[in-house]
Amino acid sequence: MTSSDALERARQSFSSRAWSDAYDALAAADKQASLSAVDLERLAIAAFLVGQLPHSVNAWARAHREFLQSGDPVRAARSAFWVAFVLLDLRDVAAANGWVARAQRLLDAGAHDCVERGYLLLPAALRHAASGDPAGALARFRQATEIGERFGDPDLVALARQGEARALLWMGKIPDGTALLDEVMVAVTTGEVSPLVTGTVYCSVIEACQEIYDLQRAHTWTTALTRWAESQPGLITYRGQCLVYRAAILQVRGAWPAALDAVKRAQEWFARIPADPATGSAFYRQGDLHRLRGEFTQAEEAYRSASQWGRRLEPGLALLRLSQGKHDVAAASIRRAVDETRDRLARSELLPAYVDIMLAVDDIAAARLAADELAQIASALDAPLLHAQAAHAAGAVLLCEGVAQAALAALRRAWAAWQEIEAPYEGARTRVLIALACRELGDEETARIELDAARWSFSQLGAAPDVARVEALSRTHPTAPTAGLTAREVEVLRLVAAGKTNRAIAEDLFISEKTVARHISNIFTKLDLSSRAAATAYAYEHGIVSPST
């Protein structure tokens, strides 16, 4: 085969979107004879799509020089933009800024009125966003959109409009932002934009949906991205992110083995793309899944790997410490994370865990403040997932405050919301609290039914720690008049009568030793007792426990 035949075959592979074949063939042809600027563009695109990002930078830079030498500064400026685009993926911000400045100088020197000026507005918009100025980002993105529309460039319009949408979301304009996201996705799903831009927009839109807790949209576009990626042989660059997003949705939907498989496959993809920051998200998701299954050693390892890739470990690591019975460590971790976080969306990711951990360490006042804040965020964003989390948190706090009837109402709302979202694990957690609220109201039969249902759900999911907790709660239920004791105080009294220490009781009931001590103090006060021995005698005398228990 002649070099010209080989090059023609490489171009055909590129046209048919067989990216791996195209990259190999173009790279081979380039070794035989230096490629033209246009073929170098093809090589750069193929290299990017198969995950060879440094090679993509090199090919774009060579294309830039070829266009300059041939007297085409506008095309050279566009190549310079794409060099910067890939460098930003590699987190080389300084070099990316240098290439943007070079491209801008070329266009200014010739006073060129061209679509490339719109592309060069995108990095400026991203800088505004990174500095906490979404309004400034929105203005730049809108300028870029106008230029893209004026020159009829669908790639620029898609990139700029998704940027507009995300800026609107950051500004709290959720309906406007999501409407624009949907409009952008029409162009993407109908094939109006190039593969280089398609994957970028898919990932950005899915990330935006997850940021605002719009699981339905995230699921829709993740499924579409999966189909798009699988239709193109050798495509690597977007598959890792796709799998991480998919794992997050599968986790919520209760398909934990499939989610864990998706995470592991994502890590395999990322191993072929050095320095991809999404690697940290893959390890973090893996840590969460192991934690929920009770595989604490594996969870610890995964979280540590996520940290090495720069991923924040809260709330996952704090929840792991809570599951391990290290309540004070968990509380210190989650308090620090919440105190350091100012962004509303980022706080909403932390607040549900913060409520759980504060209740575990008996800081009901802090839990109440966090639950109220979560409710405010849910109201502002109007996201079903946040509404469910807020109702669950409110119910948990009310239960600890001793307002069982109000707690039950909030928890029923949460349960209905989890059903709508199809989130079985969170739904089962809510049913445990419903059972405890029913116990507080004296309805032991309903409490038992709710606990049985929760145990079944946890067993189906493989949530071993939660199964153990439900079994402990099922073994400790009131069987006789309790002289004004709450259901939780009766549970503690039964365990005191069984001879257990405060630490053992805390482990059985998944609460802190401080909370156990408070319950015991309340028991002594309500029953006018002064010792554990007296409390044990009272429990046997009044049928709260029996000799066979």
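Predicted model: local features only at pLDDT ≥ 70, side-chain atom pairs only at ≥ 80, totals over all residues.

**Cysteines.** I started with Cys-242, whose sulfur sits 7.4 Å from the closest cysteine sulfur, in Cys-203, too far for a bond. I then searched the structure for disulfides and found zero. Both cysteines are tucked away: Cys-242 is buried at 4% relative accessibility, and Cys-203 is buried at 9%.

**Whole chain.** I stepped back to see the overall picture. The protein chain has 29 helices and zero strands. Its C-alpha atoms fill a box of roughly 100 × 45 × 35 Å along the principal axes. There are 549 residues, and 55% of them count as buried. I also looked at contacts with a separation of 6 or more, and 58% of those come from residues 24 or more positions apart.

**One threonine.** Next I picked Thr-198, which is in helix H11 (residues 195-211). Is Thr-198 buried or exposed? It is buried, with a relative accessible area of 3%. Beyond its neighbours within four places in sequence, Thr-198 is in contact with Val-188, Val-193 and Trp-228.

**Charges.** I counted 59 positive and 66 negative side chains, and the centres of the two sets lie 2 Å apart. Side chains of opposite charge can pair when their charged atoms come close. How many salt bridges does the whole structure hold? My search gave 40.

**Salt bridge one.** Arg-150 and Asp-113 meet at 3.1 Å, N to O. Arg-150 is in helix H8 (residues 134-151) and Asp-113 is in the loop between helix H6 and helix H7, so this pair ties together parts that are 37 residues apart in sequence. Arg-150 is exposed at 52% relative accessibility, and Asp-113 is exposed at 53%.

**Salt bridge two.** Arg-431 and Glu-450 meet at 2.7 Å, N to O. Arg-431 belongs to helix H23 and Glu-450 to helix H24, 19 residues apart. I checked their cover too: Arg-431 is buried at 17%, and Glu-450 is buried at 7%.

Methods:
Residues numbered from 1 in each chain as written. Heavy atoms only, no water. Helix = DSSP H or I, 4+ residues; strand = E, 2+ residues; numbered from the N terminus. Buried < 20%, exposed > 50% of the residue type's maximum accessible area, 1.4 Å probe, protein only. Contact = heavy atoms within 4.5 Å. Lys, Arg positive; Asp, Glu negative; His and termini not counted. Charge placed at Lys NZ, Arg CZ, Asp CG, Glu CD. Disulfide = S-S within 2.5 Å. Salt bridge = Lys/Arg side-chain N within 4 Å of Asp/Glu carboxyl O.
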